[in-house]
Amino acid sequence: MAACAIRRGFLTTVSKYNRKHTHRILSIIEGSSGLEVKRPRLPCLACGLPNIQQTRFMSSRPEGKVLETVGVFEALKQHGKYETGQLFLHSVFGYRGIVLFPWHARIYDRDVIPPMSDSKPEPPGSHGSKEVKGKTHTYYQVLIDTRDCPHISQRSQTEAVTFLANHDDSRALYAIPGLDYVSHEDILPYNSTEQVPIQHELFERFLMFNPDKTTPAPPFSARDTLKAWQEKNHPWLELSDVHRETTENIRVTVIPFYMGMRDAQSSHVYWWRYCIRLENMGSEVVQLRERHWRIFSLSGTLETVRGRGVVGREPVLSKEQPAFQYSSHVSLQAPSGHMWGTFRIERTDGSHFDVRIPPFSLESNKDDKAPPAGYTF
């Protein structure tokens with residue numbers, strides 16, 4: 001008998017962006033982009049998308065209702081990838097979503113021990129560093145159902161795509177709400193008889209219902225607007241490298257994205273965003289208390305940043321809510337650099353331990369990029 005897909009409602013709301021500005025030459029921002037966060041209006045000039053007005057996502061769920069039938073589960077794909085139009089529940093954050101298109105990323109997992117023939121002696125002062133080879137893995141660009149956004153308590157925000165615009169205001173950072181990057185194993189596929197099963201302002205602009213498609217293919221197909229949007233904005237959406245490391249059952253995953261370069265006071269400032277997920281792989285309840293970052297720039301500058309929590313939060317990781325995810329931004333006055341660090345984690349007995357943040361590169365693209373196609377500001 002087919003099982004119903006049940007979505008659990010989350011009770012806390014998504015935190016808002018902090019709009020503080022920073023003017024450091026080499027800066028890292030946790031919970032503040034250093035840029036004014038704006039939301040783009042999407043005209044139909046380049047890719048057929050009509051204007052999108054600013055809206056506030058509100059839950060329409062009746063008070064006290066936490067379980068809701070949304071469809072029928074499908075078999076997990078052990079091999080191959082999910083197609084455009086696949087409905088799913090996120091296995092960690094519980095939201096409803098739909099697949100737009102896949103990405104092939106390289107995962108650098110420091111938990112995987114390389115073969116003896118591939119290992120190299122560690123140089124003095126390496127502090128346990130090791131060479132890690134990337135393994136190809138499938139991630140997906142997805143739309144999040146806006147009805148679920150206010151209830152995803154284990155995330156600091158639902159905007160997963162941000163970019164700089166070709167604009168005189170050097171503090172302008174634009175965000176597209178409700179877009180996420182999801183790993184293959186986080187997909188719980190289901191099907192629904194609804195023609196509009198996902199509420200998102202881009203859903204009907206990107207996808208169309210096609211009941212003639214043969215099963216088991218999803219009944220939703222990509223419109224030409226989605227194909228054009230993907231092709232023209234590929235550099236701004238691209239997910240290429242994923243870094244992962246586990247310390248005492250706390251796994252940290254980092255995904256960096258290059259955002260572009262700004263001219264500032266006769267110099268160039270290069271910007272990246274990075275998404276971080278912390279996962280409690282054990283049974284002990286712990287809480288994130290502090291962060292400690294080290295940022296190296298190709299210009300030769302090394303900066304240390306310490307602070308309480310992340311993005312103004314000190315999340316608790318338990319068996320009921322084992323993961324927390326957030327995004328932030330960093331800028332350098334050089335086209336490349338590296339970041340690494342630790343999170344200070346507290347146990348219920350008051351003791352602490354440090355969780356390593358895997359080192360990751362900040363690499364700019366050599367070619368100058370125009371602002372994302374199809375957007376005007």
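## Close-up views of a predicted model

**View A. Strands β16 and β20.** The bridge partner of Y274 in β20 is S328. The structure shown here and in the other views is a predicted model. Strand β20 covers residues 323–332 and runs antiparallel to β16, to which it is joined by ten bridges. Twelve of the 14 residues of β16 are buried, so this strand is largely enclosed by the rest of the structure. Y274 also belongs to a cluster in which ring pairs link Y274, W293, F343 and F360.

**View B. Strands β15 and β16.** β16 spans residues 267–280 and runs antiparallel to β15, with 14 bridges joining the two strands. V254 stands opposite I276 in β16, and the bridge partner of D263 in β16 is H268. β15 and β16 form a hairpin with two residues between the strands. In this hairpin Q265 takes a positive phi near 50°.

**View C. Strands β14 and β15.** β14 (residues 241–247) pairs with β15 in the antiparallel sense, over five bridges. T246 stands opposite R251 in β15. These two strands form a hairpin as well, with two residues between them. E248, in the turn, has a positive phi of about 45°. How many of the 15 residues of β15 are buried? Twelve are, so β15 (residues 250–264) is largely enclosed by the rest of the structure.

**View D. The nonpolar cores.** In soluble globular proteins, nonpolar side chains tend to be buried together. The largest nonpolar core in this model has 35 residues. Residues with the most contacts inside this core are I98, L100, Y139, L226, W229 and L239. Strand β6 (residues 96–109) gives the most to the core, with six residues.

View E. Which residues of α2 (residues 224–232) are buried? They include T225, L226, A228 and W229. These residues cover an arc of only 165° around the axis, which puts them on the same side of α2. D224 and E231, on the other side of the helix, are exposed. L226 and W229 are also among the residues with the most contacts inside the largest nonpolar core.

**View F. Aromatic pairs.** The structure holds 13 aromatic pairs. A pair of aromatic rings is described by the distance of the centres and the angle of the planes. For F88 and Y95 the ring centres are 6.2 Å apart and the planes stand at 65°, so the pair is edge-to-face. F88 and Y95 are both buried. Y181 and F257 form a tilted pair, at 4.9 Å centre to centre and with 35° between the planes. Because Y181 lies in strand β10 (residues 179–183) and F257 in strand β15, this pair ties together parts that are 76 residues apart in sequence. Y181 and F257 are buried too.

**View G. Confidence along the chain.** The protein chain averages a pLDDT of 78, and 70% of the residues score at least 70. Over residues 119–129 the pLDDT is below 50. Beyond near neighbours in sequence, this stretch has six contacts in the model. The pLDDT is also below 50 over residues 367–377. That stretch has 33 contacts in the model beyond near neighbours in sequence.

Notes: Residues numbered from 1 in each chain as written. Predicted model: local features only at pLDDT ≥ 70, side-chain atom pairs only at ≥ 80, totals over all residues. Heavy atoms only, no water. Core = buried A, V, L, I, M, F, W, Y, C linked by side-chain atoms within 4.5 Å. Buried < 20%, exposed > 50% of the residue type's maximum accessible area, 1.4 Å probe, protein only. Helix = DSSP H or I, 4+ residues; strand = E, 2+ residues; numbered from the N terminus. Pairing = 2+ DSSP bridges. pLDDT = per-residue confidence, 0-100. Contact = heavy atoms within 4.5 Å. Arc of directions from axis to C-beta. Phe/Tyr/Trp six-rings, centres within 6.5 Å; stacked < 30°, edge-to-face > 60°.
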